[in-house]
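Hi everyone, thanks for coming. Please have a look at the picture first.

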Amino acid sequence: HNVLFINNRGWQLKETTHLPLLEQEAFDTAIVDGCTEGDVSWATGMQTRFVGICQKRTLRYDKIKNIVYVEDSIDLKEAASIRLIYHIAEDIEIKEKSDGWFLMRDDNAIAYVSVFGTSHIERGVYLDDGEGPWKTWIFNGKIDEKKGSLLYIDTIGNEGKNEINLQIKLY
């Protein structure tokens, strides 16, 4: 699962006596197009959870090359810092490389993730606890959370369209 942060803020939560609940704006999402025919299946969704910001994401799976493409287009009304975080399953080890990450399970590479963008990209990994909103907890429907890991991608977005793309080669 993954989350978009703009200027270090995610969408708003409502405080409750139990777990926090998402504000109504968090549900402003829709799948707007897609196709499952042919060698490349794809779907495009969009969300407008933040005022003045529209994120469109196209997921593509190339069945022949065994590659997943995650193509984000974030349209900003004014410049802002952008952070995308991706929570990683608890049994996956992350090995950082110069242009991406190897995802490992039981000492075997299962995927290589590379990152591209229209602006300078900073990327990294939070392991175990993280700080502030970058907690790495994995909730499995139980009260006791588990510590996990997450990947993050940072860029400074300019007014207009900003692209952040992942290419995930599956092994």
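Counting salt bridges here gives five. Keep in mind, as we go, that this is a predicted model. If you are new to the idea, side chains of opposite charge can pair when their charged atoms come close.

Let's start with Asp72 and Arg57. Their closest N and O atoms are 2.8 Å apart, and they form a salt bridge. Asp72 sits in strand S7 (residues 67–76) and Arg57 in strand S6 (residues 53–62), so this pair ties together parts that are 15 residues apart in sequence. Are these two buried or exposed? Both Asp72 and Arg57 are buried.

Now look at Glu71 and Arg60, another salt bridge, with 3.0 Å between the closest N and O atoms. Here too the partners come from distant parts of the chain: Glu71 is in strand S7 and Arg60 in strand S6, eleven residues apart. Glu71 has a relative accessible area of 23%, so it counts as partly exposed. Arg60 is partly exposed as well, at 29% relative accessibility.

The next pair to find is Arg83 with Asp154, whose side chains meet in a salt bridge at 2.5 Å, N to O. How many residues apart in sequence are the parts this pair ties together? The number is 71, because Arg83 belongs to strand S8 (residues 80–88) and Asp154 to strand S14 (residues 146–157). Arg83 counts as buried, with 11% relative accessibility.

What about disulfides? The structure holds zero of them. As a reminder, a disulfide is a covalent bond between the sulfur atoms of two cysteines. Among the cysteines, Cys35 is partly exposed, at 27% relative accessible area, whereas Cys54 is buried, at 19%.

On to the nonpolar residues. The largest nonpolar core has 26 residues, and those with the most contacts inside it are Ile6, Trp101, Ile153, Ile164 and Leu166. Several strands give two or more residues to this core, including S1 (2–6), S10 (100–105), S11 (108–117) and S15 (160–170). Which element gives the most? That is S8, with five residues.

Zoom in on Ile6 if you can. Leaving aside residues up to four places away in sequence, Ile6 touches Phe50, Ile53, Leu76, Ala80, Ser81 and Ile82.

Conventions: Residues numbered from 1 in each chain as written. Predicted model: local features only at pLDDT ≥ 70, side-chain atom pairs only at ≥ 80, totals over all residues. Heavy atoms only, no water. Salt bridge = Lys/Arg side-chain N within 4 Å of Asp/Glu carboxyl O. Helix = DSSP H or I, 4+ residues; strand = E, 2+ residues; numbered from the N terminus. Buried < 20%, exposed > 50% of the residue type's maximum accessible area, 1.4 Å probe, protein only. Disulfide = S-S within 2.5 Å. Core = buried A, V, L, I, M, F, W, Y, C linked by side-chain atoms within 4.5 Å. Contact = heavy atoms within 4.5 Å.
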